[in-house]
Amino acid sequence: MIRRHLASVLTREATRNPVLTIVGPRQSGKTTLVRSCFPQHDYVSLERPDIRSAAREDPLGFLSLLGPDAIIDEVQKVPELLSYIQVAVDEDDRPGRFVLTGSQNLLLMQDVSQTLAGQRAAIIDLLPFSLSELSGRPSWDPGDLARIAPDRPPALDVWDTVHRGMFPPIHDRQLDPTMWLADYHRTYVERDLRDVLRVMDLDAFDRFVRLCAARTAT
């Protein structure tokens, strides 16, 4: 597994805050990261319809079934759960108690800011791989140049990297980027976009995305 630079940030913030919220694009590696950083936490994903239904019908009972420390994946699926987490943290504010992840930044950030404001909830953004992560280099630190020279790994091929992109599944599983990215775009347009922005003319939005892509880095 390619090491993520944010791993140290998560473990540090887990010693300071009772709630950690990791947000970022779908498939950016949130689940893999939090499960590797907090292997002792109970893990539950609200992507599963049966678990999501249980959390909606009985939030208090749902939380009571989890261990003292828990990871709740895709928490934006049941936003009302945040109110019960707030109450739980009021009663027991041990650092690192809840680790939440969510893909839909707009909705999740609104819910977190409204519900967990003042509850010492750290919010951390996770993007797909950076160039330094892909090349096995440490994160940039101008005060420690010795860490990246002279024995740093060889540079990545620029055009291959541009073609493959930065999403972890493409690199972890050596997938065909053309097929994977097409499926990713289709899933985003047909599934996530309707939930977040209520876009109805998907053809128009698809053209908009392609126009933006053609002007990347300009």
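Arg48 counts as partly exposed, at 46% relative accessibility (buried means under 20% relative accessible area, exposed over 50%, partly exposed in between, with a 1.4 Å probe and protein chains only). Arg48 forms a salt bridge with Asp50, the closest N and O atoms being 2.6 Å apart. A salt bridge here is a side-chain nitrogen of Lys or Arg within 4 Å of a carboxyl oxygen of Asp or Glu. Asp50 is also partly exposed, at 44% relative accessibility.

This is a predicted model, in which local features need pLDDT of at least 70 and side-chain atom pairs count only at pLDDT 80 or more, while totals for chains, interfaces and linings use all residues. Residues are numbered from 1 along each chain as its sequence is written, and side-chain values use heavy atoms, with hydrogens and water left out.

Now the whole chain. The protein chain has 11 helices and 5 strands. Helices (H or I, at least four residues) and strands (E, at least two) are DSSP runs, numbered from the N terminus. Of the 218 residues in the protein chain, 42% are buried. Contact means heavy atoms within 4.5 Å. Take the contacts between residues at least 6 apart in sequence: 71% of them join residues at least 24 apart. The accessible surface of the chain comes to about 12600 Å², and 55% of that belongs to carbon and sulfur atoms. Accessible areas come from the Shrake-Rupley method with a 1.4 Å probe; for residues, only the protein chains shown count as cover.

Back to the charged pairs. Side chains of opposite charge can pair when their charged atoms come close. The count of salt bridges is 11. Asp92 and Arg97 meet in one of them, at 3.9 Å from N to O. Arg97 is buried, with a relative accessible area of 15%. Asp92 is partly exposed, at 24%. Both belong to a network of salt bridges that links Asp69, Asp92, Arg94 and Arg97.

Another pair sits in helix H11 (residues 202-214), where Asp206 and Arg210 are 4 residues apart and so are separated by about one helical turn. Their salt bridge has its closest N and O atoms 2.9 Å apart. Asp206 is buried, with a relative accessible area of 19%, whereas Arg210 is exposed at 54% relative accessibility.

Helix H8 spans residues 158-164 and includes Val158. Val158 is exposed, with a relative accessible area of 54%. Val158, Trp159 and Val162 make a nonpolar surface patch of about 390 Å². Patches are made of residues with over 30% relative accessible area and no salt bridge; like charges are joined within 9 Å, nonpolar side chains (Val, Leu, Ile, Met, Phe, Trp, Tyr) within 5 Å. Thr161 is buried, with a relative accessible area of 11%. Leaving out residues up to four places away in sequence, Thr161 touches Leu131, Leu134, Leu156 and Met166.

Last, the second largest pocket. Its volume is about 390 Å³. Its lining has 20 residues, and Gln27, Gly29, Lys30, Thr31 and Thr32 lie nearest its centre. Helix H2 (30-37) and helix H9 (168-172) each supply at least two lining residues. H2 gives the most, with 4 residues. On a 1 Å grid over the protein atoms alone, a pocket is an open set of points where a 1.4 Å probe fits, with protein on both sides within 12 Å along at least five of seven lines; lining residues have an atom within 4 Å of a point.

Note on methods:
Grid points are joined across faces, edges and corners, and a volume is the space filled by probe spheres set on the points.
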